[in-house]
Amino acid sequence: DKVDDAMRLSSGAAVNTSAEKAISSIVGAISVLVGFTWENSFDGAVAAVASLNAAHPQFTKFVLGIVVFGSLAIPWRRFILKRALQLEDLKMARDKALIIKSKQDALKALAEAGNHHDVTRPLLH
């Protein structure tokens, strides 16, 4: 996010989509690696606890899986999903504002050059 913001500030122009896609791909790849790491650690912990119940290890794994899911799903929905949706809306609004600004700049340049039509005049105000 900091790299993306720095690129936007330095260019001062419309969004560089190829750089944005590259950053998004790198973040996605790191996220998948972190997810696999967490899954591996939870799986090891559940297997260790389930081995303590020699009579019903499969049932113990199932119950622990439900408990872990239940304990993580509510905070995920309450905080992480909410924040992700807010950031997505913010990104869309920022991109829309950049597009509108670049169109207004182009119209102002046409007006200054004297090659404008009366149709564009209301958009300049």
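Me: Let me start with a term: a contact means heavy atoms within 4.5 Å. With that in hand, which residues does T60 touch, not counting those up to four places away in sequence?

Reply: First, keep in mind that this is a predicted model. As for T60, its partners of that kind are V49, A50 and N53. T60 itself sits in helix 3, which covers residues 57-113, while A50 is one of the buried residues of helix 2.

Me: Is T60 buried or exposed?

Reply: The idea is to look at relative accessible area, where buried means under 20%. T60 has 13%, so it counts as buried. Its side chain also has a polar atom 2.8 Å from the backbone oxygen of H56.

Me: Let me step back. How many helices and strands does the chain have?

Reply: You'll find three helices and zero strands. Reading from the N terminus, the order is α-α-α.

Me: And what share of the chain is buried?

Reply: Buried residues come to 9% of the 125 in the chain. The chain exposes about 10300 Å², with carbon and sulfur atoms supplying 68% of that area.

Me: Which residues of helix 2 are buried?

Reply: They are A19, E20, I23, V46 and A50.

Me: What about the nonpolar patch on the surface: which residues form it?

Reply: Start with a general point: an α-helix has 3.6 residues a turn, so residues three or four places apart point the same way. In this model, the patch is made of I26, I30, V34, W38, F42 and L72, with about 590 Å² of accessible area together. Helix 2 gives the largest share, five residues.

Me: Can we zoom in on one member? Where is V34, and how accessible is it?

Reply: V34 belongs to helix 2. Its relative accessibility is 42%, so it counts as partly exposed.

Me: On to charges. How many salt bridges does the structure hold?

Reply: Two. To spot one, look for a side-chain nitrogen of Lys or Arg within 4 Å of a carboxyl oxygen of Asp or Glu. K91 pairs with D95, their closest N and O atoms being 4.0 Å apart. K101 pairs with D105, at 3.2 Å from N to O.

Me: Where do K91 and D95 lie?

Reply: Both are in helix 3, four residues apart, or about one turn of the helix. K91 is partly exposed at 33% relative accessibility, whereas D95, with a relative accessible area of 19%, is buried.

Me: And how far apart in helix 3 are K101 and D105?

Reply: They are four residues apart in helix 3, which means about one helical turn separates them. K101 is partly exposed, with a relative accessible area of 47%, and D105 counts as partly exposed at 39%.

Terms used: Residues numbered from 1 in each chain as written. Predicted model: local features only at pLDDT ≥ 70, side-chain atom pairs only at ≥ 80, totals over all residues. Heavy atoms only, no water. Helix = DSSP H or I, 4+ residues; strand = E, 2+ residues; numbered from the N terminus. Buried < 20%, exposed > 50% of the residue type's maximum accessible area, 1.4 Å probe, protein only. Areas by Shrake-Rupley, 256 points an atom, 1.4 Å probe, with all protein chains shown as cover. Patch = residues over 30% accessible without salt bridge, like charges linked within 9 Å, V, L, I, M, F, W, Y side chains within 5 Å. Polar contact = N/O pair within 3.5 Å; in protein donor to acceptor, adjacent residues only side chain to side chain.
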